[in-house]
There are 2 protein chains.
Amino acid sequence: MGGSLEGVVELSDRKRQILKLVVEDYIRTAEPVGSKAIAAEMGGSVSSATIRNELSDLTEMGYLEQPHTSAGRMPSPKGYRLYVNELMEAQRLSLAETEKINQSLQLKMEELDRLLAQAGRAVSALVRYPAYISAVRKTSVTVRRFELLAVDERNCILVMMTSDSRVKSQLLRMQLKVEAEQLPMAANLLNSHFANASPAEMSQRLMNVADQVNPQLFLLLSQAVSCAADILEEADRREIVTAGASRLLKLPEFRDADKAHELMSFLADSKEELPQPLHREMEILIGPENVKEALKDTSVVVASYDIGDDMRGLIGVVGPTRMDYAAVAARLSGFAEGLTRLFGKQEELPPKEEPK
Amino acid sequence: MGGSLEGVVELSDRKRQILKLVVEDYIRTAEPVGSKAIAAEMGGSVSSATIRNELSDLTEMGYLEQPHTSAGRMPSPKGYRLYVNELMEAQRLSLAETEKINQSLQLKMEELDRLLAQAGRAVSALVRYPAYISAVRKTSVTVRRFELLAVDERNCILVMMTSDSRVKSQLLRMQLKVEAEQLPMAANLLNSHFANASPAEMSQRLMNVADQVNPQLFLLLSQAVSCAADILEEADRREIVTAGASRLLKLPEFRDADKAHELMSFLADSKEELPQPLHREMEILIGPENVKEALKDTSVVVASYDIGDDMRGLIGVVGPTRMDYAAVAARLSGFAEGLTRLFGKQEELPPKEEPK
DNA sequence: CTTTAGCACTCCGGGAAAAGGAGTGCTAAA
DNA sequence: TTTAGCACTCCTTTTCCCGGAGTGCTAAAG
């Protein structure tokens, strides 16, 4: 029991300080860091030999690694983890920095998609790593109301208003002539039978009315239902956009073209598989903690934000394990807050364009 | 005059054949090609010494370059140009290849944006170089008809049908109550005064009616006009999507991370500045023929296709100057034709989703 | 006049060897 | 427990050398 207590304490303050310095040096330089450098950074209060002993301990405990004997030390994933959990000081953003974030958030409020793309670019530029961003709908959407407008005898316009206050319209081309007078009736039918229903329910109800209405009308209805299904599905579609992937090439760990290629094509083609935060506001995944093979030796910081009441968004950054966690985390949460605010502010106003 | 005629003929058949072989060898291997290799490829009918003389001539004439004395020859931009203009045999696609193109064109017909993104990926995958694609509107669009639907006393839906048969709707939140009965009147006003007008005309006419209608109505009208301006502007917006940029990293000429980075960030951030074909169906820009600095030592092949009657699209491929022009050109024109057909087929049907 | 063989020369690329340096681990003393 | 000293390791960079591919020139042959 005494031993297990020791296990909890585990690291002396000095070891912790040294580990912190190693991590931060390594983050800065991407080079294994030696005992001398640490000793210097500790203000000469101890000699490099002492540091060497400590480093040796830390290595044995698995917090540090050596690329080879007689090289300096670099943090292991376990070391980064401890750093992130306990050693890292939550970085306070300077006023200038905060200002910069807010500046980047002066986004043109276009469609959601474009807005996200803009935001992704802004984040990537800010943290200087590749970023990804997406929006997911929390609650499922339904069509709240249908309208039909006559254009001519073979065309009409279907207008749908969804439960999340978006409006979508669609030109319907009718195979069979439908009298203009029938349209209001059709609209009524739609509203009474198909409003507030899931796509599955809709198609079922469509079957039910099949023999109660005339063929023209039925065709019209089924077109309408299929449009409705489209718009509902579309609302649930989770699109992820990535930005700034080429920044990888500036990092020493991706000087190797093959390695860079692997990650970049992952970011381009498999973005759906990028990590999403499960519960927490912010999650940091270090190297092998990532499930996806392509991310095994990169780290990901991902935060979530709110889009109005029924949507959540996620915004993440991908970088080398050596990434500057404190800086990225601070900026990312600043950004997430900003986005939440941005969308909150607009809650009174419906989104200017329907998200597609 | 005799001299100028000579200038036109300029190259003996054998020189042309040799140039062709050099270009094709270099395209394949990315290595300077020597006299011996050429001699072998010509079937031993001449010796390598002869080839050397010819190569020396071609070099002097500026069609070939030597990275240094006693290295093989590689084509200069001028050499590529001659190759593309006169030597390259239009590559006929195999049936399998054609099939593959058509296969890739089995695109899910979603919105235009997404469809283009898909097509871009397909092209990039096919030619194994980065690709870019966009759609531009040829003729300017106007709103052909307005409709207003009441939702409640503070909200109504504005539905607009454009001259290119798209339909766009928008929830309007009104600052002042407007009686439901007024809506049809407002719609009439919109249709009579603002239909088929450019945004500039619309805002001018809005001023004209300012003192002829009551304030509520005026507010409503100005909101509608601003929505209309949005949708018209949006229709003209030219969005370019790029795909497959990471393929660059597989090419020997981009093993250098800095060079790759330069081009990749250009593709990501400045895609608006990628070349567009001016008049012709297909255009090939070789190395320094490109205006943009970032493209000076890459080549671009770009083709255009038609989207229905009033839109044109462009689809291009970026690669090293050493790119396989014949193969890329053949595939690209196959693709452009396919896209034209794809959009042509759907002309009867309006686009399923309004392009945004 | 063109083509060819022969040959000297150039220059790159790769590998081996050497030099340099950063950093460790150990020992022994403070 | 800390420190200085020192031998040792291993990487990195530089240098040097060599082989080979390819050219350009010359002189002879067609």
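Author: The model is predicted, and the domain assignment divides chain A into domain 1 (2-87), domain 2 (95-130 + 244-345) and domain 3 (143-236). The centres of domain 2 of chain A and domain 3 of chain A, taken over C-alpha atoms, are separated by 40 Å.

Chain A contains twelve helices and ten strands. Its radius of gyration is 28 Å, whereas the globule rule gives 21 Å for 356 residues, so chain A is more spread out than a compact globule. The C-alpha trace of chain A spans about 95 × 45 × 45 Å along its principal axes. Of the 356 residues in chain A, 40% are buried.

We may now turn to the pairing of the chains. Chain B is superposed on chain A by a rotation of 180° with 0.1 Å of shift along the axis, at an RMSD of 0.2 Å. That is the relation of a two-fold axis. Within chain B, the residue that comes closest to this rotation axis is B:S169, whose C-alpha atom lies at 3.0 Å.

The contact itself takes 26 residues from chain B and 26 residues from chain A. On the side of chain B that touches chain A, the elements that give two or more residues are the strands β4 (143-150), β5 (155-162) and β6 (167-173), together with the helix α11 (257-269), of chain B. By class, this side of chain B has 13 nonpolar, six polar and seven charged residues. Of the interface residues of chain B, 100% are also interface residues in chain A, so the copies meet through the same surface.

DNA strand D is surrounded by 22 residues, and the closest are A:S47, A:T50, A:S70, B:G34 and B:S35. The elements that give two or more residues to the surface near DNA strand D are α4 (48-60) of chain A, and α3 (35-41) and α4 (48-60) of chain B. The largest share of that surface, four residues, comes from α4(B). By class, the surface near DNA strand D has seven nonpolar, twelve polar and three charged residues.

How values were computed: Residues are numbered from 1 along each chain as its sequence is written. Chains are lettered from A and ligands numbered from 1 in the order in which they are written. This is a predicted model: local features need pLDDT of at least 70, side-chain atom pairs count only at pLDDT 80 or more; totals for chains, interfaces and linings use all residues. The radius of gyration is taken over C-alpha atoms; the globule rule is 2.2 Å times the number of residues to the power 0.38. A residue is buried if 20 or more other C-beta atoms lie within 10 Å of its own, exposed if 12 or fewer, and partly exposed in between; C-beta atoms are placed from the backbone. Domain bounds come from an automatic or database domain assignment. Copies are superposed by least squares on the C-alpha atoms of residues with pLDDT of at least 70 in both. Two residues are in contact if their C-beta atoms, placed from the backbone, lie within 7 Å. A residue is near a molecule or strand if its C-beta atom, placed from the backbone, lies within 6 Å of it. Ala, Val, Leu, Ile, Met, Phe, Trp, Tyr, Cys and Pro count as nonpolar, Asp, Glu, Lys and Arg as charged, and the others, Gly among them, as polar.
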